[in-house]
Every structure is written in structure tokens, then in C-alpha cells.
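Subject: Handover of a structure, with notes

Hello,

I am passing a structure on to you, with my notes on it. Please look through the sequence and the coordinates before you read further.

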Amino acid sequence: MTPARFAVALPAGQWSTDPAVVNAHRWDRSGWQPAGRPIGVAFAREVTDVQAVLRAASAARVAVTVRGAGTGLAGGAAASAGSVVLDLSGMNRIRELSVTDAVAVVEPGVITADLDRAAREVGLCYAPDPASAAISTIGGNIATNAGGLSCAKYGVTRESVLGLDVVLADGERISTGRRTVKGVAGYDLTGLFVGSEGTLGVVVGATVRLRPAPRSTVTLAAFFDTFAEAAEAVTALGVAGIVVAVAELLDGRTVRAVDAATGSDLASAGEVFLLVQTDGSGAGEEADAVEGILAERARKVRRSVDEATAEALLAARRSALPALERLGRVLIEDIAVPRGRMAQAAARIVEIGAATGVDIFTLAHAADGNLHPIIVVDPVDPVDPVDPVDPADPAIPERAWHAAEQIFATALDLGGTVTGEHGVGVLKRRWLATELGSRSHDLQLRLRQVFDPAGILNPGRAI
């Protein structure tokens, strides 16, 4: 199979083998770099482009890696040697936004924040809110079943996807789901495709649920001496029956990194930072209850008095990952445990860091027990901060893998999962069978073969 076959299948200018273009599409934000190079990049603008690429790839048994914005954190969009990268970022149109039905029909390359912004112009909102919302695409969110800051109240991406248009491995287009909020006819193929990480088909369109934009929000920041105290406070909110929209927790090391990167002074108020937000018509009353519970446990509680103050507090949370990326190359982990065991998980992560000699920073979507232990793999040399220790080395040091494996084991030991929202990709495949069990894992492998018998869709990823 020669690259020229793909050039012929696509309109002029939508196929590239230029080394600079290929290099820019080889990997995602996970930090994992596969060996070898893809043979080229196909830029889809229409559904027919996707069908043409998959038909050509299926006929020649060439692997296809589907890519949106490349913001994935598990290696799912890192292209393997000899594969074709199918770039969907150019399919970025909002086809319909219905106030009457509270739905939007979108292409996969639509930026998440752009959809939410368009919905808010008509009094609605798109609830899923990954930290990468300003740059990640709806298609990528669907592929990984992305979570984010507001999951505890509004759920992960799957809860907002009503129907999909999908191109299968052989180029056939199918539609799943429906436009209605309710509907139970047949197997839930929509739910199956959401989170399948490009291994069952290529999403080329989505009908997503919109919700009324909150009439008001209240943001609070609480500061604690220990992670355990902050986690216990979040648990207390749940026990009190308060469903907050956001509950984000940063450990002390992360707080200090944010301060260093942004010039903020969070650490002066406390070692651990907890951001809580309530929304809706009862936001003020809920915030009063939240403030009372936090005040009993925190060193200090701040309550936003205006939108600018609230945005500043949210910005501190959103700047956490960029702040850590300034320190060196990062390996971003993603586990979830029962909410009542967050403190145990965080304490164990500290022990793992000490035992393996790696730097681990922890932040969490605390309301649903989703922790992100972030390993700084190649710390920046403090004497020469412009140049990391080894920025060109694609290998993840063995000590970092050892720490990551212990983190995954901790999640399973505590009754949790090795991925709460980022997906399995390539980085967590070795742990998937352990979590699923051999029988369930085998059934999922057989299911994958039904949709992609030739095995061309993102091989070596997810299941």
C-alpha cells in the first residue's frame, strides 16, 4: 500500500507526507512517543473523506489513528509506525442548536468550549467541562468519555450524548441513538461508542444534550493543613446531601507550583486548596450550607463576591497542569476511588513517591473521587531552567513506570479504577485485564472484532 493511494482518495490538499506535518501529528499530550512514524496524515473535511480513508485503509490492512486536537492523556492518539493519521479537527461545524429540544448537532472537531459558548448565547449550556475544554474537541471527549470539573453533578460525557453518526472500519456509515432524552429501543450502541477510543468506529457527528444555563453560581475556596482534612470535608458535603457543581482539590506541592507559575499566593492561606462551586436557582442557599461545613474544618474559607473573583479562583485550578509542565516532562495519571477512600489513596501516593524517588503532584475532582497523580519525569535543571534534563528522550524512566504501576494497584486495592476519565490508551492496557477480569476482557476483545474484523482501528490501544 503506497501513500499515493490515500492522496488519490482525498480531495487535493487533504493528504500530507511532509515530515514536519507528520511529526506534528505523531503523538498526543500524554508524553508517550511510539517508535517509528506514520506514513501520512489525512485531513477530513466531510464525512465522505472519512469514508474514503477507511475504505482505502481497510482494503490494504493499514492501521488508522484518529485524531482531534491531540489533547489526550493516555497515548490513544499517538500514531504507530506505518499507520495513517486521520485528522478530524477540520470537521468543526455546529450543524444545529435547538432551544426547543435542548440539543445540539455537531461535528467531531468542534471545540468543547465553543459549543458551550454558543449554547449560552441562547440560555443553555453544554455541561461536560474537562480542564482542556478550551482546546479539546467534542469528538475527542466522546472517544475517551471525558470527565472534568462538573462531573459530580452533571456526569461524564456519556450522560450528554444522545446519538452518534459513526463510520465503521469498512467505510459504512451508521447512526445510533436518537434525538429524544428518553429511548430504550435496542442495545445502547451510543453508550458503547462513547469511550471506545477510536477502536470501534470513527465518530463523524453527535447529537448532544444541552441544559439550562445556571442562573447563578457561587464559588468558595477553602484552605486546609492536610489533604486528609480536605477530603473529609468533601465527604461531609456529600453526607449532608449537597450536590456541588465543582469540588477541586490541589495538594500542597501543586499549590506551590501554581503560585510559582502564576504569581498567586495561595500557599500563604493553607497547605491544601479546595475549590467548591454551587450553581442553579438554589446556589446561594447551597453555598451557605457548604460554607458552614467547610468553616468547621478548614483553616480559612473565601467566598467569591463577584464574577471576577470566582474566575480567578477557577483559573488557579485550570492552571495546575500547565504549572506542572513547566517543571519538566509529565506523566499524567488518572485513577478513581470511592470518595471515602480519597485520603487513603493520597497518602499512599505520597509513600509511593518517596519509595520510588519520583516527584508526584496530586490534584483531584474530589466530589467523585477522581485523583490525578502527576509524575514529573524529567525535572527541569534549576541551574539551567530553559533546558530539561533530557527533553528529546522518548523513553519513560523505569522508576516512573514503577511508581505508576503502584498507583494503579492502589486504586484497585481501594475498590477503584485505573482510569476515571482519560481512558486506557496505550499506557494502561497492561492493567485493564486485571480490573475487568479475564472473562469480561475476552468478551470485550470479541466485541471489538465484530466492529473491526481486520483490526485497523487504533490497534494496540484501549481494549
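The notes below go from the whole chain to single residues.

This is a predicted model, in which local features need pLDDT of at least 70 and side-chain atom pairs count only at pLDDT 80 or more, while totals for chains, interfaces and linings use all residues. Residues are numbered from 1 along each chain as its sequence is written, and side-chain values use heavy atoms, with hydrogens and water left out.

The whole chain

The chain holds 16 helices and 19 strands; helices (H or I, at least four residues) and strands (E, at least two) are DSSP runs, numbered from the N terminus. For 463 residues, a compact globule would have a radius of gyration near 23 Å, and the 22 Å of the chain agrees with that. This radius is taken over C-alpha atoms, and the globule rule is 2.2 Å times the number of residues to the power 0.38. Along the principal axes, the C-alpha atoms fill a box of roughly 65 × 55 × 45 Å.

Of the 463 residues, 54% are buried, where buried means under 20% relative accessible area (1.4 Å probe, protein chains only). The accessible surface is about 18900 Å², and carbon and sulfur atoms account for 53% of that surface; the areas come from the Shrake-Rupley method with a 1.4 Å probe. Contact means heavy atoms within 4.5 Å. Among contacts between residues at least 6 apart in sequence, 72% join residues at least 24 apart.

Helix α9

Which residues of helix α9 are buried? In this helix, residues 252-262, they are G252, T254, V255, A257, V258 and D259. These buried residues pack against β13 (246-250), β14 (272-279), α11 (307-318), α12 (320-325) and β18 (359-365). After α9 comes G263, with a positive phi near 80 degrees.

Aromatic pairs

A search of the whole structure gives four aromatic pairs. Rings of Phe, Tyr and Trp (its six-membered ring) pair if their centres lie within 6.5 Å; planes under 30 degrees apart count as stacked, over 60 as edge-to-face and the rest as tilted. One of the pairs is F6 with W15, which is stacked because the ring centres are 5.1 Å apart and the planes stand at 20 degrees. F6 is buried at a relative accessible area of 0%, and W15 is buried at 14%. Another pair, F223 and F273, is tilted, with 5.5 Å from centre to centre and 50 degrees between the planes. F223 lies in strand β12 (residues 217-224) and F273 in strand β14, so this pair ties together parts that are 50 residues apart in sequence. Both F223 and F273 are buried.

Most residues other than glycine have a negative phi. A102 has a positive phi, near 55 degrees, without being a glycine. A102 sits in the loop between β5 (94-98) and β6 (103-106). N145, also not a glycine, has a positive phi of about 55 degrees. Where is N145 placed? The residue is in the loop between α5 (138-144) and α6 (151-154), and N145 is buried, with a relative accessible area of 12%.

Strand β6

V105 belongs to strand β6. Neighbours within four places in sequence aside, V105 is in contact with I94, R95, E96, R179, A206 and T207. From C-alpha to C-alpha, V105 and R179 are 9.4 Å apart in space, and they are 74 residues apart in sequence.

Regards

Terms used. Buried means under 20% relative accessible area, exposed over 50%, partly exposed in between (1.4 Å probe, protein chains only).
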